[in-house]
Amino acid sequence: MEIAAAKVKSMQASRSITSRLATWIKYAVLIVHSLFTLVPLVWILSNSFRDTDQILTSIRFIPERFDFSNYMSVITASNIPKAFYNSVSITLVSLLLLLAVVLPASFAISRFRFKASGYIYMFFSAAIFVPGITILPMVYTLFNDLHLLGYKYSIVLMYVVGELPIAMFLMVMFMRAIPHELDESAIIDGATTWTLFSRIAVPLSQNGIVTVLILTFVAIWNDYLLALIMLTNKAYRTLSVTLAFTKDENGINYGMMSAAIIFAIVPMIVFYLVIKDRLISGMTLGAVKG
């Protein structure tokens, strides 16, 4: 008995050491990842308060002094405010149009049984693995033939189509998790299809909607290649494209560029902080239900 008890204690001690080691490794990886993420942001934030000479002569995470002239130059002497407006308007229109398409389609696929529903869902799921850059030449030719190049909101069509597969995949998964008994009870009470959609499916899929909105917002807001190629009119350039051309007549003003980058990433940080709880709970629920 004593030998068996000793073996049990030995196994428990071994498991405890393994568990602690796994925890240490996990936290070490998270710390390293956090450093790789935060250090460049802190460095850019510091450079936004410094001039080009200071940036090129020394690396500092705390600026010599907090000079807001770079931010004033971004606001008054660059196209960043106009580009910021373009990005906001294009992103909002894209998100609204995407929801207008994906919510009814996901509702039909998830709540009704018809022959093609499975094939449609498989089609959109498979489209997730198609790189957007592979169809870019064909899309450019199509838009050119339709005389849509250069128009501000023509790119919205590409954003909606590009984000539709992942949005459909997530929303169908969330709506399938809603118990069908709710639909049956509502139908007995005289509910119409629109009532099922607007008062049951959409409200109970709010976490999924938030998840889709955040993922789509980040993808559209950070897009560079598509905006560079499709928006040929300089007046309609988005923020990510304008940042690449942020320079003055004497060359690249790194201080002003750093301030412009901060100007671009703050909305994403604020947006995430506001609805981060919904994002985490939505992704966790989707993982469990899926």
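Me: Does W194 count as buried or exposed, and at what relative accessibility?
Reply: This is a predicted model, in which local features need pLDDT of at least 70, side-chain atom pairs count only at pLDDT 80 or more, and totals for chains, interfaces and linings use all residues. Residues are numbered from 1 along each chain as its sequence is written, and side-chain values use heavy atoms, with hydrogens and water left out. Buried means under 20% relative accessible area, exposed over 50%, and partly exposed in between (1.4 Å probe, protein chains only). W194 therefore counts as exposed, at 60%.

Me: In which helix do W194 and F197 lie?
Reply: Helices are DSSP runs (H or I, at least four residues), numbered from the N terminus. W194 and F197 are three residues apart, about one turn of the helix. Both belong to helix 9 (residues 193–204).

Me: How are helix 4 and helix 9 oriented to each other?
Reply: Axes are lines fitted to C-alpha atoms, for helices over the stretch in contact, and angles run from 0 to 180 degrees between N-to-C directions. Helix 4 (residues 80–111) packs on helix 9 at about 110°, with the axes 11 Å apart. Angles under 35 degrees count as roughly parallel, over 145 as roughly antiparallel, 65 to 115 as roughly perpendicular and the rest as oblique. The two helices are therefore roughly perpendicular.

Me: Which residues of helix 9 meet helix 4?
Reply: Contact means heavy atoms within 4.5 Å. Helix 4 contributes L103, P104 and F107. Their partners in helix 9 are T193, L196, F197 and A201.

Me: How many residues apart in sequence are the parts that F49 and Y71 tie together?
Reply: The structure holds twelve aromatic pairs. In one of them, the rings of F49 and Y71 have centres 5.5 Å apart and planes at 50°, so this pair is tilted. F49 lies in the loop between helix 1 (2–47) and helix 2 (52–57), and Y71 in helix 3 (residues 69–76), so the parts tied together are 22 residues apart.

Me: Does F49 count as buried or exposed?
Reply: Ring pairs link F49 into a cluster with F66, F68 and Y71. The relative accessibility of F49 is 11%, so this residue counts as buried.

Notes:
Rings of Phe, Tyr and Trp (its six-membered ring) pair if their centres lie within 6.5 Å; planes under 30 degrees apart count as stacked, over 60 as edge-to-face and the rest as tilted.
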